[in-house]
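Take a look at the model first, then read on.

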Amino acid sequence: MFSTIDVFRSWKKFFTAVSFLSALSVPAFALSKGEAASLSVRCEDGMVFTQTEVSFVLEIPHTPLSDFSFEIPELPPGVRYLSSSKSAATDLNGDSTAILHLWFSFSDSGDFRLPPITAEIGGRMFSIPFEAVRVYENPELVSPTLSVTLSPGGEVSTGDEVSIDVFCQYCAQILDFSFTLPKNAILTETWRAEFSAEDRRATGFDPEKTKIASFVYQPLSEGEFHLPDISIDAISYNGDRKRVSLADLPILVTVSPPPPGPRQDAGVEDDGEMDVFGDAFRQSESETSKSDYPEWSESDLEKLRAMRSRERHDVLFFREPLERRLLEESHGLKDTEDEPSAFVLVVFLCMVAFSFAMSVAMVLLRKAKSAFSFVVVLAVSVVLSVRQNSFVSQRHAVSLGGGLSKVPEPPSAPHGERSLPKGLRVRIVEDMGDWVYIECSENSGWTKSGSLLLID
């Protein structure tokens, strides 16, 4: 008969054997709950670009490849699944790690977090998230851009200063920076970056905007104005050279009330800065009194206008300039410009027609050398004709001695207008009712149309 003690010892041995066999059936390594919670699909690329293969990886420790399977989730618009591959890595202790590689492509830039993948690991189901990625425009496909910030933006008053900061983006290298001075406004460049000769393609892609210049813009009259033409010559990241200009951006300017207080002295503005027009056309009383030249009469000015008109259209275009220069020099005007000859333009056009006809004739007669000679003459004639036409088509006038203003309106200050010398030849750039915008002697401004004699 077995005693109670013997029965207890037999059951103890049985449970010990079962526990030992169970331990042998459990793997030496297993995925813990903490490790399962920390699983994520991470991006292997340092920077992610549109229209390229983007690699993601998932590593599952303590898991043989046979114990792992997955499903690709439904992807958002603009994201495309390309391919995947599974592999395994085993360390010296025999511990296996299942590795999953996934490749996607993105058609749009921005911040993305893909939906989690569903994975079965060791018979259990897991939802494993993707790490968030930022996708940039493909540098091989994008062109350099220019942008600005305005402070203040929107609507300003005449005389207000607007700070303009200029930024470039997607520029591997900037070769040249230029801008044009606007009409009816003052534009002052306050800062410009030093453009290095180094090509950024050697140091990697920089997607951020880079500040390259700062300006102060001060409108002088009311209305809707546009930013000045600011342009750069830049090398894109694909190696192309691009000419990039600033997008058209309007600024609405309203009339500002006149500032209180006494007027400033001549040549000095209310803010204490010197007048930008300077004294280009002003003559002091001492200079006037010392002049020995006679004043221009109305008949002399009309005669000067007629001489310049004949100079444009006379066949003997070399005769009129001699007489005109004598008249101008007798009134103190020296080194004045000659009028472009319309007759010379007609001669060049005749040369174009003749050389074209002869070129066709030589081709039909199969005289290659003669045809080539006339083609060369034709090309030169076309260039000369275009150049001469650009001169002839310009509008010029003779000044009657009116005033030159910054804006197309009477100046508010007594010294806001500059006198324009009589007999001076000016180029008409723009008409605005009774006001005309002119250029002369490297200066420009608005004057009354009645103070000019148009050269026909």
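## A charge over a ring

Which ring does the charged end of K211 sit over? The ring is that of W191, and the charged end lies 5.5 Å from its centre. A charge sits over a ring if NZ of Lys or CZ of Arg is within 6 Å of the ring centre and within 35 degrees of the ring normal.

## About the model

This is a predicted model: local features need pLDDT of at least 70, side-chain atom pairs count only at pLDDT 80 or more, and totals for chains, interfaces and linings use all residues. Residues are numbered from 1 along each chain as its sequence is written, and side-chain values use heavy atoms, leaving out hydrogens and water.

## Overall build

The protein has seven helices and 27 strands. These are DSSP runs, numbered from the N terminus (helices: H or I, at least four residues; strands: E, at least two).

Of its 456 residues, 35% are buried. Buried means under 20% relative accessible area, exposed over 50%, partly exposed in between (1.4 Å probe, protein chains only).

## Aromatic rings

The structure contains 14 aromatic pairs. Rings of Phe, Tyr and Trp (its six-membered ring) pair if their centres lie within 6.5 Å; planes under 30 degrees apart are stacked, over 60 edge-to-face, and the rest tilted. F177 and F179 make a tilted pair, 6.4 Å centre to centre with 55° between the planes. F177 is buried at 7% relative accessible area. F179 is partly exposed, at 26% relative accessibility.

One aromatic cluster is formed by F49, Y170, F205 and Y237.
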